[in-house]
Amino acid sequence: MYTYRYLIVGGGMAGAAAALGIREVDREGTLGLLSAERDPPYNRPPLSKGLWQGKPLESIFRNLEGVDLHLGRRAVRLDPVLKEVEDERGARYRYERLLLATGARPRRLPLGEGVVYFRTLEDYRRLRGLAERGRRFAVIGGGFIGQEVAAALRGLGKEVVLLFPEEGLGERLFPRDLARFLVDFYRERGVEVRPKTLVTGLEQVGEGLRLRLSNGEALEVDGAVAGVG
């Protein structure tokens, strides 16, 4: 049994920011943080930006002095009467004050295994490993994550095919003229941009993947990454 004045469930940026905020007003109260990820809390923006440009991995981690980190632990039960949280291994955490900062999961496509859904440091490591071995990649989704991952892979000299259902990149967020400008912008930088294209199926082909597209084409790539919300 662990006992804390403050317990945070969730090791993302919100949980880390809350821990830092608590320490600003209470330096003595015991503080625990429970996270399903095996890595300590880190800044997420560098996953699709700085780390691909040579930023040191150790630079992204948050400095959480005086916080007990319980990593690789998923909360499965909350008892608000006893003020206890239990993780999947049966360990219990008693608290005086509790913050739930678990965030959200990326939306998954009905394509089975093989797609990297880009959100965590582990996802970055997986995609980086594929990029070290592979040459051609499909990026599914034309929002912020899709655009940034496409730019990162292209920056490594990889062939990138960017697939999304709208006519323009980020069309749900940007004015139409800007969304269409971004299509030309990425094409000028060597990205094969495929608007109005859906991925309808996926199969393993050797060490790579074959994607079936809504226009009937088959696209063979060394890896596929999705950022679809």
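This is a predicted model: local features need pLDDT of at least 70, side-chain atom pairs count only at pLDDT 80 or more; totals for chains, interfaces and linings use all residues.

Me: Fine. How many helices and strands does the chain have?
Reply: There are four helices and 14 strands.

Me: And what box do the C-alpha atoms fill?
Reply: Along the principal axes, the box is roughly 60 × 35 × 30 Å.

Me: What share of the residues is buried?
Reply: The chain has 229 residues, and 46% of them count as buried. As for the surface, the chain exposes about 12,400 Å², with carbon and sulfur atoms supplying 48% of that area.

Me: What about charges, how many positive and negative side chains are there?
Reply: The chain carries 37 positive and 32 negative side chains. The centres of the two sets lie 1 Å apart.

Me: Now contacts. Of those between residues at least 6 apart in sequence, what share joins residues at least 24 apart?
Reply: That share is 56%.

Me: Change of topic. How much space lies in the largest pocket?
Reply: About 1,000 Å³.

Me: Which residues lie nearest its centre?
Reply: Ala36, Glu37, Arg74, Arg119 and Thr120 do, out of 35 residues that line the largest pocket. The elements giving two or more residues to that lining are α1 (13-25), β2 (31-35), β7 (115-117) and α2 (121-133).

Me: Which element gives the largest share of the lining?
Reply: Helix α2, with four residues.

Me: You mentioned β2. Where does Ser35 lie?
Reply: Ser35 is in strand β2.

Me: Is Ser35 buried or exposed?
Reply: Ser35 is buried, because its relative accessible area is 3% and the cut-off for buried is under 20%.

Me: What does Ser35 touch, not counting residues up to four places away in sequence?
Reply: Ser35 touches Gly11, His70, Leu71, Gly72 and Arg73.

Me: One more residue, then. Which strand is Ala226 in?
Reply: Ala226 belongs to strand β14, which covers residues 223-226.

Me: Why does Ala226 count as buried?
Reply: Its relative accessibility is 4%, so Ala226 counts as buried.

Me: And which residues is Ala226 in contact with, leaving aside neighbours within four places in sequence?
Reply: Leu109, Val115, Val116, Tyr117, Phe118 and Ile140. Strand β7 spans 115-117, and Val115, Val116 and Tyr117 are among those contacts of Ala226.

Me: How far apart in space are Ala226 and Leu69?
Reply: Ala226 and Leu69 are 30 Å apart, C-alpha to C-alpha, and 157 residues apart in sequence.

Technical notes: Residues are numbered from 1 along each chain as its sequence is written. Side-chain values use heavy atoms; hydrogens and water are left out. Buried means under 20% relative accessible area, exposed over 50%, partly exposed in between (1.4 Å probe, protein chains only). Contact means heavy atoms within 4.5 Å. Accessible areas come from the Shrake-Rupley method with a 1.4 Å probe; for residues, only the protein chains shown count as cover. Lys and Arg count as positive and Asp and Glu as negative; His and the chain ends are not counted. The place of a charge is taken as NZ of Lys, CZ of Arg, CG of Asp or CD of Glu. On a 1 Å grid over the protein atoms alone, a cavity is a set of points where a 1.4 Å probe fits but cannot get out, and a pocket is an open set with protein on both sides within 12 Å along at least five of seven lines; lining residues have an atom within 4 Å of a point. Grid points are joined across faces, edges and corners, and a volume is the space filled by probe spheres set on the points.
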